[in-house]
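Dear colleague,

I am passing on the structure below, followed by my notes on what was found in it. Please read them with the structure open beside you.

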Amino acid sequence: MDITARGLNRSTLARQLLLRREPLDAARGVRRVVALQAQQPASPYIALWNRLADFDPAGLDAAFADHAVVKATLMRLTLHAVHAEDHPAFREAMHPVVRASRLGRRFTDSGLTAGDADELVPQLLEFARRPRTTAECEAWLGERLGAPPKPGAWWGLRQYTPLLHAPTAPPWSFGHRPSYVAPCTGPLRTDAESSAASLRTLITRYLSGFGPASVADVAQFAMVARTRARAALAELAGEVERLEGPEGEELFDLPGAPRPDGAEPAPPRLMAMWDSVLLAYADRGRVLPSAYRRVVIRANGDVLPTLLVDGYVAGVWRPVAGGIEAAAFHPLPDEVWERLAVEARSLVAFLAAREPEAYRRYGHWWSRLPGATVRLLPGG
């Protein structure tokens, strides 16, 4: 069985609830799309606004407060919002990567060893049974070490320990100064067999939300070696099926998963910063044309909020006084601008009660954009 490039695009949009907004609550919405990038406080909310019918941000506030949805360092060692039921397996699958990357030289230069970290983790989890600020955690670590921790000690330990981010302050559930809390799901399994089993779980969940996908895509999403991704897919042979991609590449998917033929219309969307559909693949051309990749994904890792037109990135946007400023990288028909304007009015109303100019701190990128057609889409 084979699939076209446009079929891949529409498969992603269907699974990410971007062909039509679905009538789901926040927790079920997050579960359906598997994982939302959460580096920026407003982004999970804007991501769900794009995907859920009549989305009420208070529902996501409540899901975070109740730990039905949790925020933690997970795939690609970045912050994600995931359903609480997914968190243990996702974190266990990532354990070898987290250990190798966070207990290396930067951590050991502080005078601590990986063995020290293993001893400190259960103590830190006990300390974080209630939310703790960074200052409280660093003071706690200093007490354990008998001296203020050196640079790198807390950096490595806080990410190696499977801590969750605790909700802090409005306008969104999290501010830019994090607090931490232990998960309520009990200790994670860190042995090699458990990590391998959890990686298989992560892969099946990934395929449900982002498939079909290649070995390289799986490795990119989970930040694991391709050999490890390939071995896990081989072990899932009875649970996944193989397809041939548009360039003859081998793809994997779950049997019965939605795979539109590519003819379905895709409505315009104003996508959040760091939206997962731009980052979940090794081949980002599925949604992000290669010509625009360096404009949208900046050298420091910032991923700008994008215009999605006919399922593909066509420009970027930002909130400004009076509405949404949209910059299109290629000419767009008047009908598309009109539909983007409808989305803009809805988004302005959505942001008004919380942070009308969300992403303002990233405004410096707009002075560095290449030539584009810029329009103000009014909020009224």
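**Notes on the model**

Leaving out residues up to four places away in sequence, S173 touches Y45, D61, F64, P167 and T168, where contact means heavy atoms within 4.5 Å. Before going further, please note that this is a predicted model, in which local features need pLDDT of at least 70 and side-chain atom pairs count only at pLDDT 80 or more, while totals for chains, interfaces and linings use all residues. Residues are numbered from 1 along each chain as its sequence is written, and side-chain values use heavy atoms, with hydrogens and water left out.

To return to S173, this residue sits in the loop between strand 5 (164-166) and strand 6 (179-181); helices (H or I, at least four residues) and strands (E, at least two) are DSSP runs, numbered from the N terminus. S173 is buried, with a relative accessible area of 8%, where buried means under 20% relative accessible area, exposed over 50% and partly exposed in between, using a 1.4 Å probe and protein chains only. The side chains of S173 and D61 are joined by a polar contact of 3.1 Å (a pair of N or O atoms within 3.5 Å; within protein, one must be able to donate a hydrogen and the other to accept it, and residues adjacent in sequence count only if both atoms are side-chain atoms).

Next, the nonpolar cores, each a set of buried Ala, Val, Leu, Ile, Met, Phe, Trp, Tyr and Cys residues joined through side-chain atoms within 4.5 Å. The largest has 72 residues, of which I46, F55, L60, L278, V296, L340 and L347 touch the most other members. Helix 14 (residues 334-352) supplies the largest share of this core, eight residues. Apart from it lies another core, of 60 residues, which includes L120, C137, Y206 and A229.

Within helix 14, the buried residues include W337, E343 and L347, and L347 is in contact with I46, W49, L270, W317 and I324 once its neighbours within four places in sequence are set aside. The 19 residues of helix 14 should span 27 Å at 1.5 Å a residue, and its end C-alpha atoms are 26 Å apart, which agrees; the expected span is 1.5 Å times one less than the number of residues.

As for the strands, two of them pair if DSSP finds at least two bridges between them. Strand 10 (residues 306-309) pairs with strand 11 (residues 312-320) in the antiparallel sense over four bridges, and in their hairpin, which has two residues between the strands, D310 takes a positive phi near 55°. Strand 11 in turn pairs with strand 12 (residues 323-328), again antiparallel, over six bridges, with P319 opposite I324. Six of the six residues of strand 12 are buried, and six bridges join strand 12 to the antiparallel strand 13 (residues 373-378), where R375 is the bridge partner of A326.

Finally, an open sheet of three strands has the order 1-3-2, with antiparallel pairing. Strand 1 (36-37) and strand 2 (69-73) stand at the edges, each with a single partner strand, so one side of each is left without a neighbour in the sheet. Helix 2 (residues 26-33) packs on this sheet, touching strand 1, strand 2 and strand 3, and its direction makes about 110° with that of strand 3; axes are lines fitted to C-alpha atoms, for helices over the stretch in contact, and angles run from 0 to 180 degrees between N-to-C directions.

With best wishes
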